[in-house]
Amino acid sequence: MDILGATLRVYVDDLDKAIPFYEGLAGGDALRFERGGVEVAAVGCFLLMSGPESQLEVLRKVAATIAVTDVEETHRVLDSLGADIIAGPVVTPAGRNLIARHPDGVIYEYADRQQK
C-alpha cells in the first residue's frame with residue numbers, strides 16, 4: 001500500500017466564493033462535484049465542502065482524506081491491521097474510496113484516482 005499524500009478538509013459556507021482563493025493558493029483549477037447533497041471542490045491538497053449542516057456533521061467525523069495508489073489493496077492492509085472498514089470501497093466521481101476507523105478510534109477516508 002502506497003500513501004501518496006493527504007488532503008485537508010475545509011468546510012465553507014459559500015463554495016463559489018471560496019474556490020477562487022484556493023485556486024490562487026494551490027495554483028490550479030478546482031474539480032467540482034456533488035455527493036450526497038454536499039457540493040465539493042478539490043483544489044490541490046484542499047477538499048472544500050459546502051452543504052446542509054446535517055450532512056457536514058457526518059463528514060466532520062473524518063479526520064483526513066489519504067491518497068493511495070489502490071483502494072482495494074488499502075482495504076486488505078487496513079483489514080489485516082485491525083481497522084474497521086465503515087464504508088466502501090465505492091466508486092466516486094474522482095475515483096474510489098473507503099472509510100475506515102483505525103484501532104485508536106480515528107476515522108480516515110482513503111481514496112485513489114482509479115475508476116474500476
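**View 1. Aromatic pairs in the predicted model.** The model is predicted, and its count of aromatic pairs comes to 2. Phe21 and Tyr22 form an aromatic pair of the edge-to-face kind. Their ring centres lie 5.1 Å apart, with 85° between the planes. Phe21, Tyr22 and Phe46 make up one aromatic cluster.

**View 2. Phe21 and Tyr22, buried or exposed?** Phe21 has a relative accessible area of 53%. Exposed means over 50%, so Phe21 is exposed. Tyr22 has 15% relative accessibility. Buried means under 20%, so Tyr22 counts as buried.

**View 3. Arg60 and the ring of Tyr11.** The charged end of Arg60 sits over the Tyr11 ring. Its distance from the ring centre is 4.8 Å.

**View 4. Strand 5 and its two partners, strand 1 and strand 8****.** Strand 5 spans residues 62-68 and is mostly covered. Of its 7 residues, 5 are buried. Strand 1, residues 3-11, pairs with strand 5 in the antiparallel sense over 4 bridges. Strand 8, residues 107-112, pairs with strand 5 in the parallel sense over 5 bridges.

**View 5. Ala67 in strand 5, with Gly5 and Ala111****.** Gly5 stands opposite Ala67. In strand 8, Ala111 is the bridge partner of Ala67.

View 6. An unreviewed UniProt entry lists residues 3-113 as "domain: VOC". In the model, this span is 26% helix and 49% strand. Its end C-alpha atoms lie 13 Å apart.

Notes: Residues numbered from 1 in each chain as written. Predicted model: local features only at pLDDT ≥ 70, side-chain atom pairs only at ≥ 80, totals over all residues. Heavy atoms only, no water. Phe/Tyr/Trp six-rings, centres within 6.5 Å; stacked < 30°, edge-to-face > 60°. Buried < 20%, exposed > 50% of the residue type's maximum accessible area, 1.4 Å probe, protein only. Lys NZ or Arg CZ within 6 Å of the ring centre and 35° of its normal. UniProt positions renumbered as here; feature names shortened; annotations may be inferred. Helix = DSSP H or I, 4+ residues; strand = E, 2+ residues; numbered from the N terminus. Pairing = 2+ DSSP bridges.
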